[in-house]
Amino acid sequence: MATSNGRIVTGRGGDRRNSVRRVLTVALALNIAMSLLKLTVGLVSGSLAVIADAMHSATDALSSLTGLITNNLSDPRPDRDHPYGHHKYEAIGALGIAGFILFTALEILLRSGERVLEGLPAIRVTGQELLLLLLVLGLNLLLAGYEHNEGRRLDSALLKADAQHAASDVWTTVVVLVGMAGAFWLKVSWLDVALAIPMALLLIRVCWQVLRRTLPWLVDHIAIAPEAIHAEAMGVPGVINCHDIASRGVLGQQVFIDMHMVVEADDLATAHSITELVEERLDRSFGPVRCTIHLEPKDYVEEGITYTGTHG
């Protein structure tokens, strides 16, 4: 018999899509503005690093646009076609952002190679262009901090990934400023290319961080250690044994728990009351959760509490 607490859980803050959408709209507007400013400076000065950084900001804008699209699709409420909700659309959006980051890194490396083959032509830098880049840096810092704080407040994987992307743009802009300042004061044209390569490596690292955080969600990696779930369930009076424990989802946002359980009860009503207590305790400890419990006879007690297979 399968039991469930019957509640539809959409996260501690309920449906967060409107709040996430507002943040992404602000990010999109700022990223477009920064892309245009950087592109202007890059075309006037001929700086490869600045043009590459403008492309990075353009991918920021594209990632924000992708986030807006996937946010509209990621309704947390289950329906007939998606009985487990639509949360994974957010993860797909985060993967798209990782793709944009990787594309930018490869483009920077490609353009650096072309610049070396061209003999490192000199770039033209003025004080006004440096001031514009300082302005862009300030906007970058404000945007990264804003998205990071809102991502934590709303517990949105999409905003956290976009904030990571915005933070990487801060560092690339700093690198570009160093290269431009070197060309302005020291007349060192090769510094522009020399700084572009570590900038690309930094972006590849950011891409990996986004993938490492997002892929476990998409492949239904374990969300909560079965030992922790077992300890909570066994702490409820009337529970004799629980085994075959499985969990997936994102802790703190939405977790699905399945388990088999043996309880000290001879009637359905008592057994149901015990499982309700287990579900409430799990929700308090790990919530929000949607828990499905399969009740078994007393002679079905098993020592193993979870599954074993190829990976353990």
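Visitor: How many salt bridges does a search of the whole structure find?
Guide: The search finds five. Keep in mind that this is a predicted model.

Visitor: Which side chain does Glu232 meet in a salt bridge?
Guide: Glu232 pairs with Arg281, with an N to O distance of 2.8 Å. Glu232 is in helix 7 and Arg281 in helix 8 (residues 268-286), so the bridge ties together parts that are 49 residues apart in sequence. Arg281 is partly exposed, at a relative accessible area of 27%.

Visitor: And what does Lys298 pair with?
Guide: The side chain of Lys298 meets that of Asp266, 3.8 Å from N to O. Lys298 sits in the segment after strand 4 (289-295) and Asp266 in the loop between strand 3 and helix 8, 32 residues apart.

Visitor: Are Lys298 and Asp266 buried or exposed?
Guide: Lys298 is partly exposed, with a relative accessible area of 39%. Asp266 is exposed, at 75%.

Visitor: Which residues are linked with Lys298 in a network of salt bridges?
Guide: Glu264 and Asp266 are linked with Lys298 in that network.

Visitor: What about Asp220, what does its side chain meet?
Guide: Asp220 forms a salt bridge with Arg248, at 3.9 Å from N to O. This pair also links distant parts of the chain: Asp220 is in the loop between helix 6 and helix 7, Arg248 is in strand 2, and 28 residues separate them. Asp220 has a relative accessible area of 35%, which means partly exposed.

Visitor: What is phi of Asp220 near?
Guide: Phi of Asp220 is near 60°, a positive value in a residue other than glycine. Asp244 is another non-glycine residue with a positive phi, about 50°. Asp244 is found in strand 2 (residues 239-250) and counts as buried, at 18% relative accessibility.

Visitor: Switching to packing. How many residues are in the largest nonpolar core?
Guide: That core has 43 residues, and those with the most contacts inside it include Ile101, Leu133 and Met180. The elements that give it two or more residues are helix 1 (17-45), helix 2 (48-73), helix 3, helix 4 (127-154), helix 5 (157-186) and helix 6. Helix 5 gives the most, with nine residues.

Visitor: What is Ile101 in contact with, leaving aside neighbours within four places in sequence?
Guide: Ile101 is in contact with His165, Leu203, Val206, Cys207 and Val210.

Visitor: Which residues form the nonpolar patch on the surface?
Guide: Leu102, Leu106, Leu109, Ile197, Leu201 and Ile204 do, with about 470 Å² of accessible area together. Helix 3 (88-117) and helix 6 (191-218) are the elements that give two or more residues to the patch. Ile197, in helix 6, is partly exposed at 38% relative accessible area.

Visitor: Now Val262, buried or exposed?
Guide: Val262 is buried, at 0% relative accessibility. Val262 lies in strand 3 (residues 254-263). Its C-alpha is 5.0 Å from that of Asn241, which is 21 residues away in sequence.

Visitor: Last topic, confidence. Which element has the lowest mean pLDDT?
Guide: Strand 1 (residues 2-3) has the lowest, 41, while helix 7 has the highest, 94. Over residues 1-13 the pLDDT is below 50, yet this stretch has 35 contacts in the model beyond near neighbours in sequence. The protein averages 80, and 90% of the residues score at least 70.

Terms used: Residues are numbered from 1 along each chain as its sequence is written. Side-chain values use heavy atoms; hydrogens and water are left out. Patches are made of residues with over 30% relative accessible area and no salt bridge: like charges are joined within 9 Å, nonpolar side chains (Val, Leu, Ile, Met, Phe, Trp, Tyr) within 5 Å. Accessible areas come from the Shrake-Rupley method with a 1.4 Å probe; for residues, only the protein chains shown count as cover. A salt bridge is a side-chain nitrogen of Lys or Arg within 4 Å of a carboxyl oxygen of Asp or Glu. Helices (H or I, at least four residues) and strands (E, at least two) are DSSP runs, numbered from the N terminus. Buried means under 20% relative accessible area, exposed over 50%, partly exposed in between (1.4 Å probe, protein chains only). A nonpolar core is a set of buried Ala, Val, Leu, Ile, Met, Phe, Trp, Tyr and Cys residues joined through side-chain atoms within 4.5 Å. Contact means heavy atoms within 4.5 Å. pLDDT is the predictor's confidence in each residue, from 0 to 100.
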